[in-house]
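Dear colleague,

Please find below the sequence and structure for your records.

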Amino acid sequence: MQLWQKVTVLSSLILFPFAASAVPVTDEVDIGGAVRVNYGWKDYDNNSKLEFELFRADVNYKSKDGLFASAQYRWYENMDVVHHAYMGYQFDEAQSVQVGVTQVPFGLLPYAAHSFWFGATYYLGFEDDYDAGIHYKNEQDGWRYDLAYFANDEIGDGSNYDRYSFDAATTADSPYEEAGQINARVEREFTSGEVTHKLGGSLQYSQLDFMADAATVVGEDTNGLAAAAHWQLDWKQWQLQLQYIHYDYDIDNSERIALSAFQYPFEIAAEADVATVNIAKSFDVDWGPISNVNFYNDYSQVMASGQGLDDSIQNVTGVAITAGKFYSYVDWIAGKNMWFVDGPGVGINNGDTSWHSRLNINIGFYF
């Protein structure tokens, strides 16, 4: 399918029957997007460069009768992907339902990180993950409840590695594909003096189909289970995020499973514990066009034990800068045995589990 055909199909799915000519004047349709450029320096190669990173288009719709829709499509240098694409209905002030490619309700939301680089949970598929299904949300009296069912990943094809979210990948050695997932999440928000707390827990049960025609190994359909507990504390302009996850994919004769995103498959430990500790401090400033800077340190560690496995660590120290419609990140990423920082995967040991680091500067214009 050509790029223009993909855009046409996506627009039709999301906007129909809310085409611009049919939208009442009392409804809201917002069209926007972003353009980003990126500079990266790595201590493990000599390929430092400034390059185009992203162009994205956003469409958001809301009617006075409670209907809403949202879509975002992204064009990267070497691929184009759906980020999210859903429509929904707001029953009342507390309850809503979304159908389509929507965010999986699990753990700290919307992100378990402050940096452009996210944390280890993102690369394990437990942060900013979008799948195709239905999501019910209820928010009232300081409580938030989420219940969702996802029929498959956002593409419905584990052998397609062109994706934004990290999902189970169909490879010769790990030929699995996401084939159904249930998520339940509860969170309590309350204030004590000047401190706001968010305490919550999440459960995820997933089914994986074994794709025999792509396999060089013996296997069968299986499942995975994940649980998370999180706490977010906000005081003045400080924020602390703590999270602990245990996950387990029941893979026969293997302690690994493959995931993929951004065109590449890689392996992770099939079972591990994941700890996240993030702290950030925001400052309102008047430095010419700069109105806010947010300093942070995001730390995450994947603890895996078993043959061919080892811990993975990622620490990101950085600052996010707001200047008008420009939003930029300057990140120093240090990783031990970590994917995207010269590691072979997450939680695995292929013979080199050393530390590596990289500097990443991302400048975005949002319109």
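In this model, β10 gives the most to the lining of the largest cavity, namely three residues. Strands such as this are DSSP runs (E, at least two residues) numbered from the N terminus.

Please note that the model is predicted: local features need pLDDT of at least 70 and side-chain atom pairs count only at pLDDT 80 or more, while totals for chains, interfaces and linings use all residues. Residues are numbered from 1 along each chain as its sequence is written, and side-chain values use heavy atoms, with hydrogens and water left out.

A cavity is a set of points, on a 1 Å grid over the protein atoms alone, where a 1.4 Å probe fits but cannot get out; lining residues have an atom within 4 Å of a point. Points are joined across faces, edges and corners, and a volume is the space filled by probe spheres set on them.

The largest cavity has a volume of about 100 Å³. Its lining comprises 14 residues, with Ala 168, Glu 178, Gln 181, Gln 204 and Tyr 249 nearest its centre. Two or more lining residues come from each of β8 (167-168), β9 (176-192) and β10 (195-210).

The second largest cavity has a volume of about 40 Å³. Among the residues lining it are Asp 131, Phe 150, Glu 178, Gln 181 and Gln 207. Here β7 (143-153) and β9 are the elements that give two or more residues.

Yours sincerely

Technical notes: On a 1 Å grid over the protein atoms alone, a cavity is a set of points where a 1.4 Å probe fits but cannot get out, and a pocket is an open set with protein on both sides within 12 Å along at least five of seven lines; lining residues have an atom within 4 Å of a point. Helices (H or I, at least four residues) and strands (E, at least two) are DSSP runs, numbered from the N terminus.
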